[in-house]
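Have a look at the structure, and then read on.

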Amino acid sequence: MNAVKDDIAENLRRVAASLPETVRLVAVSKTKPMAYIEWAYEAGQRVFGENKALELRDKYQALPKDIQWHFIGHLQTNKIKYIAPFVSLIHSIDSLDLLEAVDKQAQKNKRVIPCLLQFHIAAEETKFGLDFAEAEALLQSARYAALQHVRIDGVMGMATFTDDAAQVSGEFARLKQYFELLKARYFATADHFKEVSMGMSDDYPLAVAAGSTLVRVGSKIFGPRVYV
Ligand SMILES: *Cc1c(COP(=O)(O)O)cnc(C)c1O
C-alpha cells in the first residue's frame, strides 16, 4: 500500500478522463521528487513539465528515456545548454534573443528544438510574455528567418489568477485568437504549428473549452507544492 502512489494514479486517471482526445496532458512535476514521476509513469503518463533547467536535467538523467520533457518556465540563456540535448518542447519563448540562444544550443546538439511563443494574456503585471505586436515583429525579422534549429509549434499563455471565470475565459479566447491569426499569417502551410498551451489545475476546463491542445496540470495530480 502506498497512498501517495495511489492518489497520483487516481488523479491522473480523473484528469485524463476529463480531457477530449485532442488535448494532451503535461503533468507538471516541478519541485516533486523522482518517485512521484515514476509513479505517474507507471500509471501511463509520458509527458512531464518542469520549470528549472538543472532540476529538469537531473530528472531526465535519472528517469526512463521515453519520457517527453517539456520546459514551461522562464528560461535563462546560460541554462539552455542543460536541456538542449533532450527537451521535447520549450513552452516559454518570450524574446528573439532567447529563441536565437536556443537555436545555437540546438545546433550544437545537431537537432531542431520545438518551441512555443509565450504571450502575456493576464491582467497581472509580469515581465514575461510577448504581446501580439512583439510576436509579429519577431516572426517578420531577418534574424528569425535565419534560424534553422528551432521550430515554432504554437503559442502558450497563463490566465490571471482569479475566481472570475469570465475573465479567465476571455483571456484564453484571446490566446486562441492570437494562435489563429499567426497561423493564417505565418504558418498557413505548416502542419506543425498546431499547439495552444493553456490551462492549469484551477482553470484547465475553461482552457479546454476555449481550444487548448496542451494543458499543464501540476497540483491536481501531484498535490500542492511546498516552497521553503
Ligand atoms: C507550475 C506551473 C503549472 C502548473 O500549475 P498547477 O496550478 O499546479 O497546475 C502550469 N504552467 C506553468 C507555466 C507553471 O509554472
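The protein chain has 228 residues and a radius of gyration of 17 Å, which agrees with the value near 17 Å for a compact globule of that length. Here the radius of gyration is taken over C-alpha atoms, and the globule rule is 2.2 Å times the number of residues to the power 0.38. This is a predicted model, in which local features need pLDDT of at least 70, side-chain atom pairs count only at pLDDT 80 or more, and totals for chains, interfaces and linings use all residues. Residues are numbered from 1 along each chain as its sequence is written, and side-chain values use heavy atoms, with hydrogens and water left out.

Along its principal axes, the C-alpha trace spans about 60 × 45 × 35 Å.

Now for the ligand. Which residues are around the ligand? Among them are Val 28, Lys 30, Ile 72, Met 156 and Gly 218, where being near means having a heavy atom within 4 Å. By class, this shell has 6 nonpolar, 3 polar and 3 charged residues; Ala, Val, Leu, Ile, Met, Phe, Trp, Tyr, Cys and Pro count as nonpolar, Asp, Glu, Lys and Arg as charged, and the others, Gly among them, as polar.

| Residue | Part with the N or O atom | Distance |
|---|---|---|
| Ser 201 | side chain | 2.5 Å |
| Ser 219 | backbone | 2.8 Å |
| Arg 225 | side chain | 2.8 Å |

Technical notes: A polar contact is a pair of N or O atoms within 3.5 Å; within protein, one must be able to donate a hydrogen and the other to accept it, and residues adjacent in sequence count only if both atoms are side-chain atoms.
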